[in-house]
Amino acid sequence: MSPVEEALKIKEEIIAWRRDFHMYPELKYEEKRTSKIVKEHLREWGYKIKRVGTGIIADIGVGERTIALRADMDALPVQEENNIPYKSKIPGKMHACGHDAHTAMLLGAAKIIAEHSEELNGRVRLIFQPAEEGGNGALKMIEGGALEGVDAIFGFHVWMDLPSGVIGIRDGPFLAGAGIFNALIKGRGGHGASPHETIDPIPIAAETILALQTIGSRNIDPIESGVISVTSICGGTAFNVIPEEVKLKGTIRFFKPGVGELIVRRMKEIFEGVTKAHGASYELDIEELTPPTVNDKRMADFARKVADKYGLMWGKVKPTMGAEDFSFYLQKVPGVFLALGIRNEEKGIVHPHHHPKFDVDEEVLHLGTAMEVALAFEFLRE
Ligand SMILES: [Zn+2]
Ligand SMILES: [Zn+2]
């Protein structure tokens, strides 16, 4: 069986699925329609199905070893600005990250794998997950048993930074860990003309924000990387009133857990120290949203070998400070988060992920399907 030939045969079907999902985008944990379509196909093709909310875990084949393949199904609260026949029909919602393509590619792989299930030397598990966009749907799937008995996991993301058709394979950290923070600096309000009778939280907030920048410039090893961005500052209402408090909000990003820990520790020390110096107080809540996405070196070598064997073009891909909840699977099971290049300048497919004009070069989606099928059969052959 040739995964590339099989995928080529259903190329138009994969595109049609993707367009259908694209026209009816659903936000995190609301993927009812998408999930129903996926489930009906999988059932028809003989998969054993378990539902986890709007997510689906589907198994086929028997044997000692299990490989999992994952796709995410959710869209974003973005108003589509593309003029295409398959434009989103739902106002304010759009598949602006390409998860419609992920679902369609894995559906294609599901069909091919089912048609050749007698040749399977083990079990293939498909994970169609909800809520990748800020919902940590991966955690729900893991709680629902998605990784039970799984030996390795692979997942694709379409990738605007790679030329169309190139599969990006990276060892080690690929996407960053991400956290969100909310802070409150509490002073004492009063008249704008009498600052000496107040504890003005505004200059304290300003000092804190500047001090936070020294975490990146003075605390993190320059060879490593990390981000601390204060993205919201809110305090005060009138020109002549010193407010009681200032609220800050922002995000942190890092590739190594040690750097993440350092950022969190230094943030606490800075809030503590700066507010104390001025007689103010603070509240700081830092929530780790997603750990770094770290690919397994051995599995990445395996993926490159598989791509070579079937003549699928692969290349290096740069790490990004974006985050992905595929990281939760990789914390438990070795695997690789793969990128599929979809950038096509001639077709004007150049807009970044989450942009209202984001689109994917559909001509290469079957290559993602082919790679998924090839990974499954080759993994179970070893
Ligand atoms: Zn996204
Ligand atoms: Zn995404």
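## Annotated residues and the antiparallel sheet

Because Glu133 has 19 C-beta neighbours inside 10 Å, this residue counts as partly exposed. That label applies between two limits: a residue is buried if 20 or more other C-beta atoms lie within 10 Å of its own and exposed if 12 or fewer do, with C-beta atoms placed from the backbone. The model is predicted, and therefore local features need pLDDT of at least 70 and side-chain atom pairs count only at pLDDT 80 or more, whereas totals for chains, interfaces and linings use all residues. Residues are numbered from 1 along each chain as its sequence is written, while chains are lettered from A and ligands numbered from 1 in the order in which they are written.

**The annotated binding site**

An unreviewed UniProt entry lists Cys97, His99, Glu133, His157 and His354 under "binding site". UniProt positions follow the numbering used here, feature names are shortened, and annotations may be inferred rather than shown by experiment. These residues are spread over 258 residues of sequence, yet they cluster in space, with a largest C-alpha distance of 13.2 Å.

Glu133 sits in the loop that joins strand E4 (123–129) to helix H5 (137–143). Helices (H or I, at least four residues) and strands (E, at least two) are DSSP runs, numbered from the N terminus. Neighbours within four places in sequence aside, Glu133 is in contact with Lys28, Asp74, Leu76 and Cys97; contact requires C-beta atoms, placed from the backbone, within 7 Å.

His157 belongs to strand E5 (residues 152–163). With neighbours within four places in sequence again left aside, His157 is in contact with His102, Glu324, Phe337 and Ala339. His354 occupies the loop between strand E16 (335–343) and helix H10 (365–381). Its phi is near 80°, a positive value in a residue other than glycine. Most residues other than glycine have a negative phi. Asn136, in the loop between E4 and H5, also has a positive phi, near 50°.

The table sets out the surroundings of three of these residues.

| Residue | Other C-beta atoms within 10 Å | Class |
|---|---|---|
| His157 | 27 C-beta atoms | buried |
| His354 | 13 C-beta atoms | partly exposed |

**A covered helix**

Helix H4 (residues 99–115) has 17 residues and reaches 24 Å from its first C-alpha to its last, close to the expected 24 Å. The expected span is 1.5 Å times one less than the number of residues. H4 is mostly covered, as 15 of its 17 residues are buried.

**The four-stranded sheet**

Four strands form an open sheet in the order E10-E12-E8-E13, with antiparallel pairing. Its edge strands, each pairing on one side only, are E10 (226–234) and E13 (281–290). From one strand to the next the twist averages 20°. Two strands pair if DSSP finds at least two bridges between them; strand E8 (residues 177–186) and E13 share nine, in the antiparallel sense. Within this pairing, Phe181 has Ile286 in E13 as its bridge partner.

Helix H6 (residues 201–219) lies across E8, E10 and strand E12 (245–254), and runs at about 165° to E10. Helix H7 (residues 257–277) packs on the sheet as well, touching E8, E10, E12 and E13, with its direction at about 165° to that of E13. Axes are lines fitted to C-alpha atoms, for helices over the stretch in contact, and angles run from 0 to 180 degrees between N-to-C directions.

The unreviewed UniProt entry places the feature "domain: Peptidase M20 dimerisation" at residues 184–271. Over residues 184–271 the chain is 39% helix and 30% strand, with its end C-alpha atoms 10 Å apart.

Definitions and conventions
Two residues are in contact if their C-beta atoms, placed from the backbone, lie within 7 Å.
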